[in-house]
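Hi,

Here is the structure we talked about. Please open it alongside this note; what I found follows below.

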Amino acid sequence: MNSISLRSSISTFLVSVVLLIGTGLSHAQTSTASGAQGRTEILWLGQAGFRIKTPGGKIILIDPWITGGPKTPSQYKNDLAAIGPVDLLLVTHAHVDHIGDAPALAKMHNTKLYGPADMVTPLIHLGLIPADLGHRFNKSGSVSPLPGIKVTAVKAEHSSLLVHKNPTTEKMEAHHAGEAMGYIIQLENGFKIWHMGDTGLFGDMKFISEYYKPDLVMIPIGGNFTMDPDDAAYALRTWVKPKMAIPMHYNSNPMAKGTLAEFQAAMKGSGIKVIPMTEGETVQF
């Protein structure tokens with residue numbers, strides 16, 4: 001086993017142990033109560049992109065900026081099919097580092113792309129996805145795209161713009177793409193993940209956390225386009241207060257200078273478990 005694989009294995013083991021100890025429940029108890037088998041497995045693809053394998057064995061892909069992502073692991077960057085089967089595609093907004101390869105993956109796997117209503121509409125009208133592979137929903141709207149899985153759209157304080165190359169003129173065009181969103185993803189065993197998408201601070205983070213009660217938060221820390229490490233730490237410590245947090249949306253764009261070390265320092269002394277990941281690493285819950 002090489003050093004990267006060893007580190008990933010150790011990280012997977014430690015995260016699993018932390019969750020089991022922290023909740024006071026064994027994995028067997030959690031699964032029995034929900035009727036779902038298996039664990040939740042999360043792979044970081046870079047930036048805001050994650051592949052989630054649910055306890056029921058379904059694959060959810062969020063913000064898959066893969067072939068164009070500078071930090072995407074080479075096995076996926078060079079072969080999009082290596083991602084494997086995809087049961088659900090979620091896109092938080094239309095910026096290229098989030099929508100990425102989602103239209104291509106939707107067509108490759110005949111999988112419906114779920115996203116902000118005013119983003120999905122231009123994707124369909126521009127011919128980037130067929131109408132039957134797009135599902136439009138908006139903030140506070142919930143969908144149940146797979147058995148036992150519920151996704152609720154929530155606010156994100158950000159913008160959204162779809163840039164598209166016109167095949168007739170060969171020129172790049174910018175299209176309004178609605179508003180950015182985040183997602184509360186509830187899995188078969190009741191485990192809840194809040195993927196915040198791209199966002200700055202906003203007071204309703206407190207309401208969202210109190211109402212939906214996420215177990216794990218995926219939070220941007222890069223700054224410039226989103227919260228920086230201090231902002232993200234403030235949101236978690238003051239408003240959100242989840243069990244665990246995975247920092248994201250850093251290390252891929254020189255304009256987003258926030259670092260993992262800065263975020264960890266800002267979170268020092270907090271009871272929230274920060275789970276640092278390396279692109280290509282997998283952790284289990």
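Methionine 205 is found in helix H7. Helices here are DSSP runs of H or I with at least four residues, strands are runs of E with at least two, and both are numbered from the N terminus. This is a predicted model: local features need pLDDT of at least 70, side-chain atom pairs count only at pLDDT 80 or more, and totals for chains, interfaces and linings use all residues. Residues are numbered from 1 along each chain as its sequence is written, and side-chain values use heavy atoms, with hydrogens and water left out.

Methionine 205 has a relative accessible area of 0%, so it is buried. Buried means under 20% relative accessible area, exposed over 50%, and partly exposed in between (1.4 Å probe, protein chains only). Beyond residues up to four places away in sequence, methionine 205 touches Trp194, Met196, Thr199, Gly200, Met227, Ala235, Trp239 and Val240. Contact means heavy atoms within 4.5 Å. From methionine 205 to threonine 238 it is 33 residues in sequence and 9.7 Å in space, C-alpha to C-alpha.

Helix H8 covers residues 229-240. Its buried residues are Pro229, Ala232, Ala233, Ala235, Leu236, Trp239 and Val240. They pack against strand S12 (192-195), helix H7 (204-212), strand S13 (216-220), strand S14 (244-248) and helix H9 (260-266). At the start of H8, a side-chain oxygen of aspartate 228 comes within 3.2 Å of the backbone nitrogen of aspartate 230. Lysine 241 follows H8, with a positive phi near 50°.

Which residues of helix H6 (residues 117-125) are buried? They are Ala117, Met119, Val120, Pro122 and Leu123. Their cover includes helix H4 (96-99), helix H5 (102-109), strand S5 (113-116), strand S6 (134-137), strand S9 (161-165) and strand S10 (172-176). Just after H6, glycine 127 has a positive phi of about 80°.

Leucine 161 lies in strand S9. At 38% relative accessibility, leucine 161 is partly exposed. Leu161, Val163 and Met172 make a nonpolar surface patch of about 280 Å². Patch residues have over 30% relative accessible area and no salt bridge; nonpolar side chains (Val, Leu, Ile, Met, Phe, Trp, Tyr) are joined within 5 Å, like charges within 9 Å. A salt bridge is a side-chain nitrogen of Lys or Arg within 4 Å of a carboxyl oxygen of Asp or Glu.

**Aromatic pairs**

Rings of Phe, Tyr and Trp (its six-membered ring) pair if their centres lie within 6.5 Å; planes under 30 degrees apart are stacked, over 60 edge-to-face, the rest tilted. The count is 8 aromatic pairs. The rings of tryptophan 44 and phenylalanine 50 are stacked, because their centres are 6.4 Å apart and their planes at 20°. Tryptophan 44 is buried at 1% relative accessibility, and phenylalanine 50 is buried at 0%. Ring pairs link Trp44, Phe50 and Tyr250 into a cluster.

**The whole chain**

The protein chain has 9 helices and 16 strands. Of its 285 residues, 52% are buried. Among contacts between residues at least 6 apart in sequence, 63% join residues at least 24 apart. The chain exposes about 12,400 Å², and carbon and sulfur atoms supply 53% of that. Areas come from the Shrake-Rupley method with a 1.4 Å probe; for residues, only the protein chains shown count as cover.

Best wishes

Methods. Polar contact = N/O pair within 3.5 Å; in protein donor to acceptor, adjacent residues only side chain to side chain.
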